[in-house]
Amino acid sequence: MSPPVTTARASDYARYTATPKLMVPAFGLGALGVLATLAGYFATDAKGEAAHSYLIAFTYWLGISVAFLIMVAIFHTAKAKWLIVLRRTMETSAASVPIFILLFLPLLAMVKHLYPWWPGSPLAAHITGLEAEHLAHKQHGYLNPTFFYFRQAIYFGVWAFVSWRLRSWSLKQDETGELELTAKQRFFSPGALPFLALTITFASFDWMMSLTPLWQSTIFGVYYFAGSFLAAFCVLTIVAVNAQGANLFGNVVKLDHFHNLGKLMLAFVAFWAYIAFSQFMLVWIANIPEEAPWYGLRIFGPWRPMSIALFFGHFVLPFFVLLSRNLKLQPRKLAVVAVYILAIHAVDLYWLIWPALTGAAGPTFHWTLLTAFLGVGGISVGFALMQARNRFTLPVKDPYIAESLRYVQP
């Protein structure tokens, strides 16, 4: 299929001034969801369920936002031009990181029902033997509230600063068209990448890996990053397909852009599977008492069907579907695949987090899983829409925007 010919130019675009018809419902749904989850925690006996539900939702939505931030920095570092037409969506999504500082407060309120190493945690009664010895003598220096708060401040500080710095230069260029602003973004991004990589890695250690203190995997941060990065490409595809209308960038996104997005989705489906298998293989071969039980819980007993479903649902099915070139050249069908991958990504986070709550009892459902997901998602989407208002939906004065609009597959 030949790509459509577009005659649109970046200079044809005005600022996005959509009414709050999407933003207000998103905020409203989000607020109701978060309040319902907090009510589930404070007013019922299902404190563990509410806390773990909120953690799944928080890591899902924040992971996508931080992945967009890393994506912007990577593409500036690589001096990529083809995706400039898509860049403002990534910058706007990354700019929603500050709202997650506010959304982190409910997590802090529920923290003692998440982490057995937290002082006063009712889960501490289940820590015995080797795990108790590790916590008391080897891990206490890292897993304690003071250092935990300090690390969270560093994570959010780095993410908020880098997202603000890159986006502010990009928005300023919309006004002035200064070429120097592109140079600044390209100079700043490579230096920011190591800090972004380290912070998302240690954040995954703190939020998910420390649910089971004895479980340690240095590759776990890459696993979380791979899933979040894949989800971010899916969100970008869905937004690009649906951003049609006055002053929306979707009007000028070509089939060649969608083809690239499909290829990146395929690449990260394979990358996620590669990291997942690497982590599993290393733990399986080593077979040491500190690490093997984490996988033993998930691949034997009630969790086995979900582990098998993840293998086929998160890797085999999307991998073979995305091999199709024709599919990648059909944006709406590609968006359907993206929605499916976003759903299976949520299942993946459930598989990572929920066993710390139910253990050998297997998968269960609690209504706070739904309210927390809609709550955190609604507020973060509403905040991103608020950031997009009165802004251009593409970087109209980027010196390479014309090349991006003319992009053709090599």
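Trainee: Which helices each supply at least two residues of the lining of the largest cavity?
Mentor: Helix 2, helix 3 and helix 7 do. Keep in mind that this is a predicted model.

Trainee: Which one gives the most?
Mentor: Helix 2, with three residues.

Trainee: And how much space lies in that cavity?
Mentor: About 90 Å³. The structure holds five cavities of 30 Å³ or more.

Trainee: What lines the largest one?
Mentor: Val72, Phe75, His76, Lys79, Ala80, Leu83, Ile84, Arg87, Thr182, Arg186, Asp398 and Tyr400. By class, that lining has six nonpolar, two polar and four charged residues.

Trainee: Switching to pockets. What volume does the largest pocket have?
Mentor: About 1200 Å³. Its lining takes in 41 residues.

Trainee: Which of them lie nearest the centre?
Mentor: Val235, Val239, Val381, Ala384 and Leu385.

Trainee: How does the pocket lining divide by class?
Mentor: There are 25 nonpolar, 13 polar and three charged residues.

Trainee: Where does the largest share of that lining come from?
Mentor: Helix 15, which provides 10 residues. Helix 15 covers 367–388. Helix 1 (23–42), helix 2 (47–77), helix 3 (84–94) and helix 8 (220–242) also supply at least two residues each.

Trainee: OK, packing next. Which residues touch the most other members of the largest nonpolar core?
Mentor: Phe58, Leu86, Trp159, Trp207 and Met265. That core has 131 residues. Helix 2 gives the most to this core, with 20 residues.

Trainee: Take Phe58. What does it touch, leaving out residues up to four places away in sequence?
Mentor: Gly63, Phe100, Leu103, Phe104, Leu107, Phe156, Trp207 and Val376. Trp207 is also on the list of core residues that touch the most other members.

Trainee: Now some serines. Where is Ser65, and is it buried or exposed?
Mentor: Ser65 sits in helix 2. Its relative accessibility is 3%, so it counts as buried.

Trainee: What does its side chain reach?
Mentor: The backbone oxygen of Ser93, at 2.9 Å. Beyond its neighbours within four places in sequence, Ser65 is in contact with Ser93, Ala94, Ser96, Val97 and Phe100. Phe100 is also touched by Phe58.

Trainee: And Ser204, buried or exposed?
Mentor: Buried, because its relative accessibility is 0%. Ser204 lies in helix 7, residues 179–207.

Trainee: Which backbone oxygen lies 2.6 Å from a polar atom of its side chain?
Mentor: That of Thr201. Past the neighbours within four places in sequence, Ser204 is in contact with Met209, Phe220, Gly221 and Tyr224.

Trainee: Last one, Ser121. Where does it lie?
Mentor: In the loop between helix 4 (97–109) and helix 5 (129–137).

Trainee: What else is Ser121 in contact with?
Mentor: Lys112 and Pro116, along with Tyr115, leaving aside neighbours within four places in sequence.

Trainee: And what separates the C-alpha atoms of Ser121 and Arg325?
Mentor: 52 Å. Along the chain, Ser121 and Arg325 are 204 residues apart.

Technical notes. Residues are numbered from 1 along each chain as its sequence is written. This is a predicted model: local features need pLDDT of at least 70, side-chain atom pairs count only at pLDDT 80 or more; totals for chains, interfaces and linings use all residues. Side-chain values use heavy atoms; hydrogens and water are left out. On a 1 Å grid over the protein atoms alone, a cavity is a set of points where a 1.4 Å probe fits but cannot get out, and a pocket is an open set with protein on both sides within 12 Å along at least five of seven lines; lining residues have an atom within 4 Å of a point. Grid points are joined across faces, edges and corners, and a volume is the space filled by probe spheres set on the points. Helices (H or I, at least four residues) and strands (E, at least two) are DSSP runs, numbered from the N terminus. Ala, Val, Leu, Ile, Met, Phe, Trp, Tyr, Cys and Pro count as nonpolar, Asp, Glu, Lys and Arg as charged, and the others, Gly among them, as polar. Buried means under 20% relative accessible area, exposed over 50%, partly exposed in between (1.4 Å probe, protein chains only). A polar contact is a pair of N or O atoms within 3.5 Å; within protein, one must be able to donate a hydrogen and the other to accept it, and residues adjacent in sequence count only if both atoms are side-chain atoms. Contact means heavy atoms within 4.5 Å. A nonpolar core is a set of buried Ala, Val, Leu, Ile, Met, Phe, Trp, Tyr and Cys residues joined through side-chain atoms within 4.5 Å.
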